[in-house]
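Keep the viewer open as you go.

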Amino acid sequence: MRRPSLPFVVSLCTVLVMAAATLAAPSAAAADLAGLLRERLEQPAPLQAHDEPIIEHTLLRHLYRRNDYRPLWTGTRGITALRQWIDRSMEEGLNPDDYHRAALRVLLDGGPVEGPDAVDLELLLSDAMLLLGVHLGTGKVDAARLFREWNYLPDADRAPTSTEVLESLRAGRIGELLAARVPDGPIYRTLRAALARYRAIRDRGGWPLLPAGPALHPGDCSPRVALLRERLARESGDASLEGGDAACFDAVLEQAVRHFQRLHLLEEDGVVGRKTLAELNVPVHERIDQLRVNLERIRWLHHGLPEDFYAADLAGFRLYHRQGWSSPIVVGKAYHQTPAFHDLIEIVEINPTWTVPRSITVREILPELLRDPPGYLRRKDMELLTMRGEPVDPATVDWSALGPLNFPYVLRQRPGPDNALGRIKFLFPNPYSVYLHDTPARELFRHPRRAFSHGCIRVAKAVELGERLLRGNGPQWTAAYIRELIDAGETVRVRLAQPVPILIVYLTAMPDLIGGTDAIQFREDIYRRDPRVLAELDAPPRERGAALLEEYRRQRGTEW
């Protein structure tokens, strides 16, 4: 065999040396970058990159430690997907600027990045990814900071592990990773589509505001009627509103007004009075904010939902079962707010007594009681008890010596048709003394907006609810059997064989579930909770990852 010539051998060695240098260069650069990353990340918080704060520094440090401080963003596919998701966050009601959009644009669109700028780019990309993952999966706003009664927890089983995050980064599957964090239920999807629709209305100029004036009735003709027609058409896109005499209140316009009233929980009388005019004149940018706030609320709630549950929709005044049943409800007044939390319904009580809360006794009942003690107690079928629950004969009490600051008694109403709790109540022990119950005040359910209680939730279909909850206790628990027990008059307390989750939620924008359309039901913010959520949603983001790591450890018993 002929030996290769010396020039050939020299050439081959030169090629191999150059190839080795080419292969070693990225590895050396990566090692240098890893050293710079370690140096930066081992500095005490707060972290900064490109003059911007790194928000999720706890999660970020943890992730880089798991990866031995090697760079995470080594290919263009993951970076491109992340930038697309940053822009897309607007569609979810979030703010793309929360995810370092401007700084990333400067670093990525300005040519090669080296040294400290390369570290900045790594940290900004990773922080943006972690922020998006947290915000899409559990919300940007920490609900527990705003509402002390909030006890919904993120579902650690649904959260990706750090290993899964690192594998997604290496494979460039960031788009898939973030997409899996987005709520996938129909309520969220409908609200998100509505957000796009209302932004399009805004971009076309919004809708006109109606000037003040007398109520508008079917049959009226005036320039204000023409403006009303345009206002409704701009929002609904209903082409039928464009026919006929624009300035006259015809049957088509009346139907559109009634539909609008139903979607805003107003009296469906077809007349544009004071309340309907106020809802018509809410500008489109406020409706956009309302949609954003409620998309955020769904992000708080969607994870870890049980298979079977009841949801009390406070602002919608309705109780829903996941399998399709629903009932009108009455909720707390603005100054007796029903809190939003979740629990387990454990006990059904038939023919309950009502032990009057101290605050109601002193503030509301006592003035009338002291005017005619025996008569009041007789009319209300109440008994007088000591603070230890022992019966007291009203005739033995010196009523003239009693008052708001000196009333050492408890009032308890006996079971019966006039009992304030009705004939059945549903207990889920909680620190707020909130429960579901029947009511003798049936006329309250005729109102579309039903914030009338002291905080507990009154259920229109209480016996139906009792039957549904008690099915698991045996076949005898039919509606007829429950009615028999009610008629017998004795208090019966039943512990559920299988406690049922109850979710108490507050949503001021929701799909039209009863009408079964994609139209949005905009509810009155009866408890004035929306502005607090919106302010946090529009503020710079706060770190949430440290608390989520603790919850992950608690639920899974292992490190992230």
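## Strands, a helix face and a disulfide

Thr386 has Tyr409 as its bridge partner in S10. Bear in mind that this is a predicted model. The two strands involved here are S8 (residues 382-386) and S10 (residues 409-413), which pair in the antiparallel sense over five bridges. They belong to an open sheet of four strands, with antiparallel pairing and the order S7-S10-S8-S9. S7 (354-355) and S9 (391-392) are the edge strands with a single partner strand each, so one side of each has no neighbour in the sheet. Helix H14 (residues 358-371) lies across S7, S8 and S10, and runs at about 85 degrees to S10.

Now move to strand S5 (residues 326-332). Seven of its seven residues are buried, so the rest of the structure largely encloses this strand. Its pairings go like this:

| Strand paired with S5 | Sense | Bridges |
|---|---|---|
| S4 (residues 318-321) | antiparallel | three bridges |
| S14 (residues 457-459) | antiparallel | two bridges |
| S13 (residues 451-453) | parallel | two bridges |

Down at the residue level, Arg318 has Pro328 as its bridge partner in S5. Ile329 stands opposite Val459 in S14, and Gly332 has Ser453 as its bridge partner in S13. The hairpin of S4 and S5 has four residues between the strands, and Gly324 in that hairpin takes a positive phi near 115 degrees. Cys456 comes out as buried, because its relative accessibility is 14% and the cut-off for buried is under 20%.

Helix H4 (residues 101-108) is worth a look down its axis. Ala103, Leu104 and Leu107 are buried in this helix. Those buried residues of H4 fall within an arc of 100 degrees, so they line one face of the helix. What do the buried residues of H4 pack against? They pack against strand S2 (52-53), helix H3 (76-88) and helix H5 (115-138).

Last stop: the disulfide count, which comes to one. The bond joins Cys221 to Cys248, with S to S at 2.0 Å. Cys221 sits in the loop between helix H9 (186-203) and helix H10 (223-236), while Cys248 sits in the loop between H10 and helix H11 (251-263), so the pair ties together parts that are 27 residues apart in sequence. Why is the disulfide of Cys221 and Cys248 right-handed? Because the torsion about its S-S bond is about 110 degrees. Cys221 itself counts as partly exposed, at 49% relative accessibility.

Note on methods:
Residues are numbered from 1 along each chain as its sequence is written. This is a predicted model: local features need pLDDT of at least 70, side-chain atom pairs count only at pLDDT 80 or more; totals for chains, interfaces and linings use all residues. Side-chain values use heavy atoms; hydrogens and water are left out. A disulfide is a pair of cysteine sulfur atoms within 2.5 Å. Buried means under 20% relative accessible area, exposed over 50%, partly exposed in between (1.4 Å probe, protein chains only). Two strands pair if DSSP finds at least two bridges between them. Contact means heavy atoms within 4.5 Å. Axes are lines fitted to C-alpha atoms, for helices over the stretch in contact, and angles run from 0 to 180 degrees between N-to-C directions. The arc is that of the directions from the helix axis to the C-beta atoms.
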